[in-house]
Amino acid sequence: MWKKILLVILLLIVGLPACGLAYLYLRNPARVPPSAIKVAMTPERIARGKFIFQNLSDCDGCHSERDFARVGGPVVESGRGRGNVMSGLLNGLPGTVVAPNITPDPETGIGNWTDGEKIRAIREGVDRDGRALFPLMPYTGYRNLSDEDVESLVAYLNSLSPVKNPLPRTQLDFPVFLFIKGVPQPAGRVPSPDRSDKLKYGQYLVSLGGCMDCHTPAEKGQPIPGKELAGGQLFATTVGRVVSANITPDLETGIGKWSEEYFLKKFYDYKEYAAGAAPKAVGPGAFTLMPWLAFSQLPPEDLGAVYAFLRTIKPVHNPVETHPDAPNLTAK
Ligand code: HEC
Ligand code: HEC
């Protein structure tokens, strides 16, 4: 009798967690079949897609070859979309994390993917085989891409020159690959934003620009609630270290004192560098991951809408030193 009870207890102790683990292993991320869409390759679509890829959403930032010896790390044109081993650049990632080759090369890129599969990966975070993508790929923000914009993006992807660049596949550590299965989400149909509503449009641009991903401090990969855009996220890379700034309207530690004009000027100071004229970066203190070059090409209406939206964020007092390795800036 006792033996039987002990056996049952033992089964419960060992069996339940095992079932839980098996469930986590077998569970699929939330996903729907990719749509059968074939995007129209019109010049307008390709131009809009190029703007989203190169400027607004800075897909270049992770998927293209970059020259970090220059201010802002401009893109090397011949390596656009070729992919990068991100864990070889950014320290602290859980395993081998690869931003894949997304040029139309059929062997090493995504040339064999359907347009529907590309749209699903970008907005919903599952790859062709239905595997959850590691959310360094900012699909939680790209989920808001309108149907029109995501189709433009795919039209541009299809127009890229194929680059042959074999890369390893992402291999995440245990248990990270189990937990990220909960991140993907079907996006459904997404209407275009109403540009006449400045705040809503600004919010749209902020989610496409990945501002939250870099500017909200995180703990174990989870954004800390109540600290939206308060900065302080450290990016330790093989090239240098940089910490994201507090861009809440806090007067002392955020950008609360910035006028719209000053905000725009900060971005437009990089305008000429974006055209390949970026000077050589001097010293470790000059390194940044803020996509200044990409964003310097946004029109004033867009940056103005971003500014307007940022004014509505809760001010958070959080002093941040953005360039910890810059000499002479602050006396420690
Ligand atoms: C901050 C870095 C980052 C940015 C910015 C980024 N990606 Fe990614 N992307 C990744 C990583 C990392 C993966 C792979 C994740 C994995 O394998 O789990 C990925 C995966 C993908 C995939 C799936 C490819 C495959 O072979 O599985 C596509 C398509 C893609 N990204 C397109 C884009 C587009 C389009 C943009 C811009 C709108 C973009 N990405 C911006 C990091 C990024
Ligand atoms: C890939 C990460 C990344 C993304 C995406 C990003 N930022 Fe940044 N940003 C940084 C880092 C790091 C800094 C601090 C270093 C610097 O100023 O270059 C910074 C600095 C800034 C500053 C300067 C603040 C100051 O006090 O000088 C502003 C303004 C800013 N970001 C706004 C934005 C906005 C708006 C977006 C989205 C449209 C955005 N950033 C997206 C990483 C990022």
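This is a predicted model: local features need pLDDT of at least 70, side-chain atom pairs count only at pLDDT 80 or more; totals for chains, interfaces and linings use all residues.

Valine 126 sits in the loop between helix 4 and helix 5. Buried or exposed, for valine 126? Its relative accessibility is 1%, so valine 126 counts as buried.

Which residues coordinate the iron atom of ligand 1? They are His63, through NE2, and Met137, through SD, at 2.0 to 2.2 Å. The iron atom of ligand 1 has six donor atoms, the angles among them run from 87 to 179°, and the site is octahedral. Histidine 63 belongs to helix 3, residues 60-63, while methionine 137 is in the loop between helix 4 (115-124) and helix 5 (139-142), so the pair ties together parts that are 74 residues apart in sequence. Histidine 63 has a relative accessibility of 10%, and therefore counts as buried.

Now the surroundings of ligand 1. There are 23 residues around ligand 1, and those that come nearest are Cys59, Cys62, His63, Phe134 and Met137. In histidine 63, a polar side-chain atom is 2.8 Å from a nitrogen atom of ligand 1. In arginine 131, a polar side-chain atom is 3.0 Å from an oxygen atom of ligand 1. In phenylalanine 134 the contact comes from the backbone: an N or O atom there lies 2.8 Å from an oxygen atom of ligand 1. Helix 3 and strand 3, residues 98-99, are the elements that give two or more residues to this shell. Sorted by class, the shell around ligand 1 holds 17 nonpolar, three polar and three charged residues.

Cysteines next. How many disulfides does the structure hold? The count is zero. Cysteine 59, from the group nearest to ligand 1, has a relative accessibility of 11% and so counts as buried. Cysteine 211, one of the residues closest to ligand 2, is at 15% relative accessibility and so counts as buried.

Serine 64 is in the loop between helix 3 and strand 1, residues 84-85. At 0% relative accessibility, serine 64 counts as buried. A polar atom of the serine 64 side chain is 2.9 Å from the backbone nitrogen of glycine 81. Asparagine 84 is in strand 1, and with a relative accessible area of 13% asparagine 84 is buried. Its side chain reaches the backbone oxygen of cysteine 62 at 2.7 Å, and Cys62 is among the residues that come nearest to ligand 1.

On to ligand 2. What are the protein donors of the iron atom of ligand 2? They are His215 (NE2) and Met290 (SD), lying 2.0 to 2.2 Å from the iron. Here the angles among the six donor atoms are 88 to 179°, and the site is octahedral. The pair links distant parts of the chain, 75 residues apart: histidine 215 is in helix 9, and methionine 290 is in the loop between helix 11 (271-277) and helix 12. Histidine 215 has a relative accessible area of 10% and is buried.

Around ligand 2 there are 21 residues, the closest being Cys211, Cys214, His215, Thr288 and Met290. For histidine 215, an N or O atom of the side chain is 2.8 Å from a nitrogen atom of ligand 2. Threonine 288 has a polar side-chain atom 2.6 Å from an oxygen atom of ligand 2. Tryptophan 292 also places a polar side-chain atom by an oxygen atom of ligand 2, at 2.8 Å.

Where does this shell come from, in terms of elements? Helix 9 (211-215), strand 8 (241-243) and helix 12 (292-295) each supply at least two residues. Helix 9 gives the largest share, three residues. By class, the shell around ligand 2 has 14 nonpolar and seven polar residues, and no charged ones.

That is what I have for today.

Note on methods: Residues are numbered from 1 along each chain as its sequence is written. Chains are lettered from A and ligands numbered from 1 in the order in which they are written. Side-chain values use heavy atoms; hydrogens and water are left out. Donors are N, O and S atoms within 2.8 Å of the metal (3.2 Å for Na, K and Ca); water is not among the atoms, so sites may look incomplete. Four donors count as tetrahedral if all angles lie between 85 and 135 degrees; four count as square planar and six as octahedral if opposite donors are over 155 degrees apart and all others between 65 and 115; anything else is irregular. Helices (H or I, at least four residues) and strands (E, at least two) are DSSP runs, numbered from the N terminus. Buried means under 20% relative accessible area, exposed over 50%, partly exposed in between (1.4 Å probe, protein chains only). A disulfide is a pair of cysteine sulfur atoms within 2.5 Å. A residue is near a molecule or strand if one of its heavy atoms lies within 4 Å of it. A polar contact is a pair of N or O atoms within 3.5 Å; within protein, one must be able to donate a hydrogen and the other to accept it, and residues adjacent in sequence count only if both atoms are side-chain atoms. Ala, Val, Leu, Ile, Met, Phe, Trp, Tyr, Cys and Pro count as nonpolar, Asp, Glu, Lys and Arg as charged, and the others, Gly among them, as polar.
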